[in-house]
Amino acid sequence: MEITFTINNEKRSLEVSPHQRLLDIIRKDLGLTAAKEGCGKGECGACTVLFNGEPVASCLVLAPQADGAEILTVEGLISREGELHPLQQAFLDTGAVQCGFCIPGSIMTGYRLLQDNPEPKREEVRQALAGNICRCTGYQKIVDAVQLAASRMQSGGDSSWAQDL
Amino acid sequence: MATIMFGFGYGEGFPDHSIASVEPVGENRILIRTSAADVGQGIQTVAVQIASEVLKLDPEYFEIVEGDTHTTQNAGSSSATRQTYFTGQAVKEAAEDLLGNIYHHASQEFTTNHPEMAIKDGRIFSHVNSEDEMTIWELRDRLADRGIELKGRGTFFPRTYKPDPETGQSERVYVGYSYHTQVVEVVVDTVTGQVTVEKAYSAIDAGKAINPAGVEGQVEGGTAQGLGMALMEEQVIEKGRTLNPDMSRYLVPTALDVPEVETVIVENEDTDGPFGAKGIGEPAMIATAPAIINAIYDAIGVRFYRLPVTPEKIKAALEQN
């Protein structure tokens, strides 16, 4: 069956089979490899993308469900000029990335958190990230990164990203 | 609280070593070749920092070929807490070899002596004659015209000694030893049996922290893994089959389970590693579980000898007492 959806502000139509997962079409058909398959059971958060504005485990969404949906992945956070989103930059600046496998999911969750809560406390960041399992960083620098991005976005100069998306 | 001592590298007479090379490439790049695998611990950053320090050149200039068996030589495994020590030192020696070759050939180009020359930001210059100046890459091209390759190679191959089979003793069983002390604050809920680790303090002997943020990252991650080992992670095997092969039944600490970790880096600089650096990967996690178990003992007066200490075990122990 053919489905049409918007991903990272781009309209796409794809021929998919009913048993395919959203994660498969994002990674294999569209070649957007930021979202990772960790557990494949919706337990680890590595495949998190925004689906109609909400974070979902894309390994649990069937491709046909994406018909008409709006999807955002880490690749879509980069500005038209190719600049990293403040959240991505903050992950780099704080050393929040070690092996990096969970990071695309953690960034999408952090991105969604900052939409609702532009100045989250550390406990609030931890609460939001509780579904994104990280095996190597101990989370501390990921929390640092989300807070650093929040403060940079609050202090202005980064409103262009909000408009882009 | 718990303190551990950890011998890193394979040790025990194993012929452990690492080989690296450093060479100018392209217009203004320096290429480091090492087969050391960066699995997130940060050996690539460490290698660049070390070569950058030796060659007095900004890290931006460096590139790495990593883990390509066609173009790199053995660096050993990313295990046994050994890469910063072994590959870090191999890269340091390779960068020093390149620096020595630069001085040797540039002194001939300038017809001057080593003490009258210097290198900075990729420029080689003479203190005596200000017209004598060229970049590392210009020197490389001049030498290439004469069939000489400008390159540095380094092999770090420290001796280790087999332990005596009867006593377990030897001159030096491991190449170096790291120490780690961790203090944790825990709260034990005596109704539910739940243990919450509220705060952790870590003092790690890194010898010399090449990348302090990386050391912190390893300590924070190690604390999370040690916490999992102490309180939640339990593979249940029955007749050879794992009964809990997923993250809803084999529990790994989440952002809500792991405390804030305050890391203190202790720098003893007492090894043959690069600038005195030691490995800290494994020691970063080893102290956590005993520290937590000791803190639980301090809180409720019960000693646990089998991990993980789940809420069920705490409840059962409290009911027995």
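Two residues are in contact here if their C-beta atoms, placed from the backbone, lie within 7 Å. With that in hand, let us walk through this predicted model, starting where the two chains meet. The contact draws 20 residues from chain B and 20 residues from chain A. On the chain B side, the elements that give two or more residues are α4 (212–231) and β13 (260–266). Helix α4(B) supplies the largest share of that side, seven residues. Sorted by class, the chain B side holds nine nonpolar, eight polar and three charged residues.

Now turn to chain A. Its domain assignment gives domain 1 (2–77) and domain 2 (86–164). The centres of these two domains of chain A, taken over C-alpha atoms, are separated by 21 Å. Where they meet, 14 residues of domain 1 of chain A are in contact with 14 residues of domain 2 of chain A. Strand β3 (residues 48–51) of chain A gives the largest share of the domain 1 side, three residues. By class, that side of domain 1 of chain A has ten nonpolar, three polar and one charged residues.

Two places in chain A deserve a visit. Helix α2 (residues 86–94) of chain A has as its buried residues A:P86, A:L87, A:Q88, A:A90, A:F91 and A:T94. Just after α2(A) comes A:G95, with a positive phi of about 75°. Further along, A:Y139 sits in the loop between α4 (122–128) and α5 (140–154) of chain A. Phi of A:Y139 is near 75°, a positive value in a residue other than glycine. Is A:Y139 buried or exposed? A:Y139 counts as buried because 30 other C-beta atoms lie within 10 Å, and 20 or more are enough for that label.

Chain B comes next, with seven helices and 13 strands. Its C-alpha trace spans about 85 × 45 × 35 Å along the principal axes. The radius of gyration of chain B is 25 Å, whereas a compact globule of 321 residues would have one near 20 Å. Of the 321 residues of chain B, 39% count as buried. Among its contacts between residues at least 6 apart in sequence, 73% join residues at least 24 apart.

Which residues does B:A51 contact, leaving aside its neighbours within four places in sequence? They are B:V22, B:I30, B:I32, B:F62, B:V91 and B:A95.

A contrasting alanine is B:A203, found in strand β10 (residues 195–205) of chain B. B:A203 counts as partly exposed because it has 17 C-beta neighbours inside 10 Å. Not counting residues up to four places away in sequence, B:A203 touches B:T181, B:V264 and B:V266.

B:A80, in the loop between β4 (62–66) and α2 of chain B, has a positive phi near 60°. B:A80 is buried, since 21 other C-beta atoms lie within 10 Å. Finally, a cis peptide bond joins B:L307 and B:P308, with omega about -5°. B:P308 lies in the loop between α6 (288–300) and α7 (311–320) of chain B.

Note on methods: Residues numbered from 1 in each chain as written. Chains lettered and ligands numbered in written order. Predicted model: local features only at pLDDT ≥ 70, side-chain atom pairs only at ≥ 80, totals over all residues. Domains from an automatic or database assignment. Helix = DSSP H or I, 4+ residues; strand = E, 2+ residues; numbered from the N terminus. Nonpolar A, V, L, I, M, F, W, Y, C, P; charged D, E, K, R; others polar. Rg over C-alpha atoms; globule rule 2.2 N^0.38 Å. Buried ≥ 20, exposed ≤ 12 C-beta atoms within 10 Å, placed from the backbone.
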